Amino acid sequence: MDVDPSQAADLPSIVAGATPGTTLLLAPGTYGIAASLQFLSGGVTFRSSTDIAADVIIDAGYAVNEAIVIAATEVTIAHVTVTHAVDHLIHIYPPGPNVNVTAPVLYGLALVDGGEQFVKVNPIGGQEGWIDDGRLECSTFLLTDEGRPHVESCCGGCYTGGIDAHSTWHWTVRGNRFEGIWCPTGLAEHAIHFWKGARDTLVENNVIIDCARGIGFGLGSGAGERIYPDAPYGGAMLAHYDGIIRNNVIWGDVPSFDTGIELDETRTPRALHNTVVHGAGATGFFSSIDVRFEGSEAELVNNLTARISQRDGATATLASNLEEADLSWFVDAAGLDFHLGAAAAAAIDQGVVDADAGQDIDGEPHTLGGAPDVGADERAR
């Protein structure tokens with residue numbers, strides 16, 4: 001079904017009335033909306049006709065709480081810009097108790113200036129019904145100076161983040177860019193955050209620039225909202241179970257940059273080949289990778305960092321990680337080029353082979369030299 005900007009006022013009803021399997025193809029232009037776009041039927045696709053996100057702008061005008069709501073299975077949102085929601089730019093949740101929403105796809109999006117978490121994924125409080133097997137890929141998240149004053153100020157003064165997902169299973173977050181998610185006061189949530197019993201999350205090949213926190217599996221007091229039928233780890237109620245964080249680049253050069261990768265109340269995620277470094281402007285920096293809280297366990301392999309911390313009873317298995325990375329090791333850190341330069345002898349060929357290494361930040365294998373390089377970039381030989 002073809003839609004053009006002259007139908008913007010009708011877009012909420014067009015979306016709500018879409019039948020299963022419908023593709024809504026949007027012509028270039030700005031679509032100002034006065035109500036949420038609610039996807040209530042399974043298998044609906046919503047995308048620009050040009051496959052260019054900048055060509056189609058869904059603008060909630062800071063008058064609509066949630067620009068897009070997904071409450072059905074196998075909904076795809078692709079190649080559009082979504083901006084100026086009072087709360088979430090995209091919110092995914094079950095339509096009712098004991099109903100699952102599976103396989104949502106968010107692809108090639110530009111998500112700009114959400115008032116709360118840009119993408120929120122959560123069950124209905126106190127009820128069964130989960131959101132599993134989702135994908136967020138090749139999208140950009142940007143909080144601008146103009147959008148920052150619109151961030152919700154509750155809950156510590158900066159209630160926003162990139163994607164915030166509760167109790168999910170088998171999600172993939174791949175190839176995205178997150179930038180500027182911070183506030184002058186208060187600590188923003190992570191660019192990528194899976195917790196409250198999330199499981200088997202794959203986070204890879206993302207670039208995170210000047211966000212208060214990078215990637216979080218779990219959070220203190222965030223455990224115990226989902227009971228899995230196979231009772232992993234003896235039925236322990238954890239904030240996050242297993243999962244892989246690999247080949248991500250995280251950089252902070254703003255005062256509010258706190259932690260690159262945070263693993264709290266988790267067992268046993270693996271963080272491999274991540275580059276997590278910061279500039280002199282990150283005056284609030286705490287740790288590149290932090291494993292925290294009693295019972296938390298993690299495996300950290302081939303990460304290039306400034307600092308790795310374990311605290312409050314947490315433990316980590318470490319292999320071939322580097323701390324105190326020098327910014328001169330990169331081609332141009334000031335210009336946000338974090339490929340390894342010739343000066344990075346301490347990182348080049350200094351890693352260990354790992355079956356879960358994946359592809360580096362450029363999609364190349366970690367097999368270009370005598371041994372893998374440490375960090376997200378495998379230097380071209």
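Start with the whole chain in view and its contacts in mind, a contact being a pair with heavy atoms within 4.5 Å. Among contacts in the protein with a separation of 6 or more, 69% are between residues 24 or more positions apart. What you have open is a predicted model, in which local features need pLDDT of at least 70 and side-chain atom pairs count only at pLDDT 80 or more, while totals for chains, interfaces and linings use all residues. Residues are numbered from 1 along each chain as its sequence is written, and side-chain values use heavy atoms, with hydrogens and water left out.

**Stop 1: the whole protein**

Keep everything selected and turn the model around. The C-alpha trace spans about 60 × 45 × 40 Å along its principal axes. The radius of gyration, taken over C-alpha atoms, is compared with a globule rule of 2.2 Å times the number of residues to the power 0.38. For 381 residues a compact globule would come near 21 Å, and the protein, at 20 Å, agrees.

Now colour by secondary structure.

Then show the surface. Its accessible area is about 13,600 Å², with 51% belonging to carbon and sulfur atoms; areas come from the Shrake-Rupley method with a 1.4 Å probe, and for residues only the protein chains shown count as cover. Buried residues make up 57% of the 381, where buried means under 20% relative accessible area, exposed over 50%, and partly exposed in between (1.4 Å probe, protein chains only).

**Stop 2: a sheet of 12 strands**

Select the strands in the order S1-S2-S5-S8-S12-S16-S19-S23-S27-S31-S34-S37, and you have an open sheet of 12 strands with parallel pairing. Two strands pair if DSSP finds at least two bridges between them. At the edges stand S1 (2-3) and S37 (315-319), each with a single partner strand, so one side of each has no neighbour in the sheet.

For a look inside, pick S8 (residues 76-78) and S12 (residues 105-107), which run parallel and are joined by 3 bridges. Ala-78 stands opposite Tyr-107 in S12.

**Stop 3: a sheet of 10 strands**

Next, select S4-S7-S10-S14-S18-S21-S25-S29-S33-S36, an open sheet of 10 strands, again with parallel pairing. Its edge strands are S4 (37-39) and S36 (308-311), each pairing on one side only. From one strand to the next the twist averages 10°; axes here are lines fitted to C-alpha atoms, for helices over the stretch in contact, and angles run from 0 to 180 degrees between N-to-C directions.

Within this sheet, zoom to S10 (residues 90-92) and S14 (residues 119-121), a parallel pair held by 3 bridges. Ile-92 is opposite Val-121 in S14.

**Stop 4: strand S6 and its two faces**

In a regular strand the side chains alternate between the two faces of the sheet. Show side chains on S6 (residues 56-59): Val-56 and Ile-58 are on the covered face, while Ile-57 and Asp-59 are on the uncovered one.

**Stop 5: the cysteines**

Select Cys-158 and Cys-183, which form a disulfide with sulfur atoms 2.0 Å apart (the cut-off is within 2.5 Å). The structure holds 1 disulfide. Cys-158 is in the loop between S17 (140-142) and S18 (163-166) and Cys-183 in the loop between S20 (177-179) and S21 (190-195), so the pair ties together parts 25 residues apart in sequence. The torsion about the S-S bond is about 70°, so this disulfide is right-handed.

Both cysteines are buried, Cys-158 at 1% relative accessibility and Cys-183 at 5%.

Cys-211 is buried at 2%, whereas Cys-154 is partly exposed at 30%.

**Stop 6: backbone details**

Finish along the loops. A cis peptide bond joins Arg-267 and Thr-268, with omega about -25°; Thr-268 is in the loop between S30 (266-267) and S31 (270-272).

Ala-103, a residue other than glycine, has a positive phi near 55°. Look for Ala-103 in the loop between S11 (101-102) and S12, where it is partly exposed at 23%.

Asp-312 also has a positive phi near 55°. Asp-312 is in the loop between S36 and S37 and is partly exposed at 41%.

Notes
Helices (H or I, at least four residues) and strands (E, at least two) are DSSP runs, numbered from the N terminus.
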